[in-house]
Amino acid sequence: MFTNLAYAMGTNPQAGQGQGGGLMGFLPLILIFVIFYFMLIRPQQKRAKETKAMIENLKKGDKVITSGGEYGVVEEVKPTTVIVKIAENVKVKYGKGFIASVRTEEDE
């Protein structure tokens, strides 16, 4: 009876091989970070670059949609602002950051 208990309390035959377990312990965290990067961070960075390029390329005559949902045509572009014509004789000044998108012919 006591011999079985002594064998059960004996040393782990794989005790000397546990040194590499530290790196393997971090592998799931590293894998989660990589998945998180490719699923969330990278698409967000790509979208931010596209929005920045769209804002830098605004020009007179572009048909735009503001972040408030107003449709208009760009009348004048200044370094930080845009003047948008939203109706006859109605021009509104917006910050460039409030231009959500440029409409294409397909959006009409």
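This is a predicted model: local features need pLDDT of at least 70, side-chain atom pairs count only at pLDDT 80 or more; totals for chains, interfaces and linings use all residues.
Residues are numbered from 1 along each chain as its sequence is written, and side-chain values use heavy atoms, with hydrogens and water left out.

Let me start with the overall layout. The protein chain has 2 helices and 5 strands, where helices (H or I, at least four residues) and strands (E, at least two) are DSSP runs numbered from the N terminus. Reading from the N terminus on, the order of the elements is α-α-β-β-β-β-β. Of the 108 residues of the chain, 16% count as buried; here buried means under 20% relative accessible area, exposed means over 50%, and partly exposed lies in between, with a 1.4 Å probe and protein chains only. The accessible surface of the chain comes to about 8900 Å², and 61% of this belongs to carbon and sulfur atoms; such areas come from the Shrake-Rupley method with a 1.4 Å probe, and for residues only the protein chains shown count as cover. If we take the contacts with a separation of 6 or more, residues 24 or more positions apart account for 34% of them, and a contact means heavy atoms within 4.5 Å.

Now to the sheet. In what order do the strands of the open sheet stand? The order is β4-β3-β2-β1-β5, with antiparallel pairing, and two strands are said to pair if DSSP finds at least two bridges between them.

β1, residues 63-66, is joined to β5 by 3 bridges, and the two run antiparallel. Another 3 bridges join β1 to β2 (residues 71-77), again in an antiparallel manner. Ile 65 has a bridge partner in β2, namely Tyr 71, and also one in β5, namely Ser 101. Val 64, for its part, has Val 102 as its bridge partner in β5. Between β1 and β2 there are 4 residues, the two strands form a hairpin, and Gly 69 in the turn has a positive phi of about 95 degrees.

In strand β3, residues 81-87, we find Thr 81. Is Thr 81 buried or exposed? With a relative accessible area of 17%, Thr 81 is buried. Leaving aside neighbours within four places in sequence, Thr 81 is in contact with Glu 76, Lys 93, Tyr 94, Gly 95 and Lys 96.

Next, the charged pairs. The structure holds 3 salt bridges, a salt bridge being a side-chain nitrogen of Lys or Arg within 4 Å of a carboxyl oxygen of Asp or Glu. One of them links Lys 59 and Asp 62 at 3.4 Å, N to O, and Asp 62 counts as buried because its relative accessibility is 12%. Another links Glu 76 and Lys 78 at 3.9 Å, N to O; Glu 76 is partly exposed at 38%, as is Lys 78 at 32%. In the pair of Glu 88 and Lys 85, which meet at 4.0 Å, N to O, Glu 88 counts as exposed at 62%, whereas Lys 85 counts as partly exposed at 27%.

Finally, the surface. Which residues make the nonpolar surface patch of about 730 Å²? The patch is made by Phe 26, Leu 29, Ile 30, Ile 32, Phe 33, Val 34 and Phe 38. Patches are made of residues with over 30% relative accessible area and no salt bridge, with like charges joined within 9 Å and nonpolar side chains (Val, Leu, Ile, Met, Phe, Trp, Tyr) within 5 Å. Phe 38 is found in helix α2, residues 21-56, and counts as partly exposed at 46% relative accessibility. Tyr 37 also lies in helix α2, and is partly exposed at 28%.
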